[in-house]
Amino acid sequence: MADPQDLYRSKLKTAEEAAALIPNGALIAQGNAIGEPQAMLEAIAQRARGGGFSAGITMMALLPMAGSARTSLAPEVRGIIKWQSLFASGADRGLLKSGEASFVPAFFHQIPRIYEEFVDIDVAIVVVSPVDKHGYMSL
């Protein structure tokens, strides 16, 4: 059986390498609030600004914060990154009001069901703990 640390290292990618694997037209669900994956958000926005998503992408989150405001909600990527909010925050409220983003009205307890039954997620980007000696990570 392979050593979990060796297996982990063999799959490890930089944020830029991981962002390059995201297909055009993908629906990306991202971690919420303080769990925003900062490096991935930066890499995705950089790829979008560089013309790397010719068909655009859609991103969604429950509670976008400063990382999203600085990257996936930034004015220069709005024509490339379509935003869907599951819970409006200060970061996306203005876009929702102006019609530049969409909103999925839901109670908090309904979010898991929405993700499981109604949203066809292509890519999930989340923050996890470092891998332990057994190969496990925590969200």
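Strand 1 and strand 2 (residues 57-61) run parallel and are joined by three bridges; helices (H or I, at least four residues) and strands (E, at least two) are DSSP runs, numbered from the N terminus. Two strands count as a pair if DSSP finds at least two bridges between them. Within this pairing, Ala 29 stands opposite Met 60 of strand 2. Between the two strands the chain passes through helix 3 (residues 38-49), and this β-α-β crossover is right-handed, meaning that, with the strands pointing away from the viewer, the path from the first strand over the helix to the second runs clockwise.

Please keep in mind that this is a predicted model, in which local features need pLDDT of at least 70 and side-chain atom pairs count only at pLDDT 80 or more, while totals for chains, interfaces and linings use all residues. Residues are numbered from 1 along each chain as its sequence is written, and side-chain values use heavy atoms, with hydrogens and water left out.

- Five strands make up an open sheet in the order 4-3-2-1-5, with parallel pairing.
- Strand 4 (102-103) and strand 5 are at the edges with a single partner strand each, so one side of each has no neighbour in the sheet.
- On its other pairing, strand 1 runs parallel to strand 5 (residues 123-125), and three bridges join them.
- Ile 28 stands opposite Val 123 of strand 5.
- Strand 2 is also joined to strand 3 (residues 81-85), by five bridges, and these two run parallel.
- Ile 57 has Ile 81 in strand 3 as its bridge partner.

**Strand 1, face by face**

- In a regular strand the side chains alternate between the two faces of the sheet.
- Strand 1 (residues 27-30) is covered on both faces, with Leu 27 and Ala 29 buried on one side and Ile 28 and Gln 30 buried on the other; buried means under 20% relative accessible area, exposed over 50%, and partly exposed in between (1.4 Å probe, protein chains only).
- Ile 28, in strand 1, is buried with a relative accessible area of 0%.
- Setting aside neighbours within four places in sequence, Ile 28 is in contact with Ile 22, Ile 44, Ile 57, Thr 58, Met 59, Met 60, Val 123 and Ile 125, where contact means heavy atoms within 4.5 Å.
- Ile 28 and Gln 110 lie 82 residues apart in sequence and 19 Å apart in space, C-alpha to C-alpha.

- Gln 30 belongs to strand 1 and counts as buried because its relative accessibility is 4%.
- The side chains of Gln 30 and Ser 68 are joined by a polar contact of 2.7 Å; such a contact is a pair of N or O atoms within 3.5 Å, and within protein one must be able to donate a hydrogen and the other to accept it, with residues adjacent in sequence counting only if both atoms are side-chain atoms.
- Not counting residues up to four places away in sequence, Gln 30 touches several residues, including Glu 36, Leu 41, Met 59, Trp 83 and Ile 125.

**Nonpolar cores**

- The largest nonpolar core has 23 residues, and those with the most contacts inside it are Ile 22, Ile 28, Ile 44, Met 59 and Ile 125; a nonpolar core is a set of buried Ala, Val, Leu, Ile, Met, Phe, Trp, Tyr and Cys residues joined through side-chain atoms within 4.5 Å.
- Helix 2 (15-20), helix 3, strand 2, strand 3 and strand 5 are the elements that give two or more residues to this core.
- Helix 3 supplies the largest share of this core, five residues.
- A second, separate core has nine residues, among them Ala 29, Leu 62, Ile 111 and Ile 114.

- Ala 33 lies in the loop between strand 1 and helix 3.
- Ala 33 has a positive phi of about 50° although it is not a glycine, and it is partly exposed, with a relative accessible area of 21%.

**The whole chain**

- There are six helices and five strands in the chain, following the pattern α-α-β-α-β-α-β-α-β-α-β along the sequence.
- Of the 139 residues of the chain, 36% count as buried.
- Residues 24 or more positions apart account for 66% of the contacts in the chain with a separation of 6 or more.
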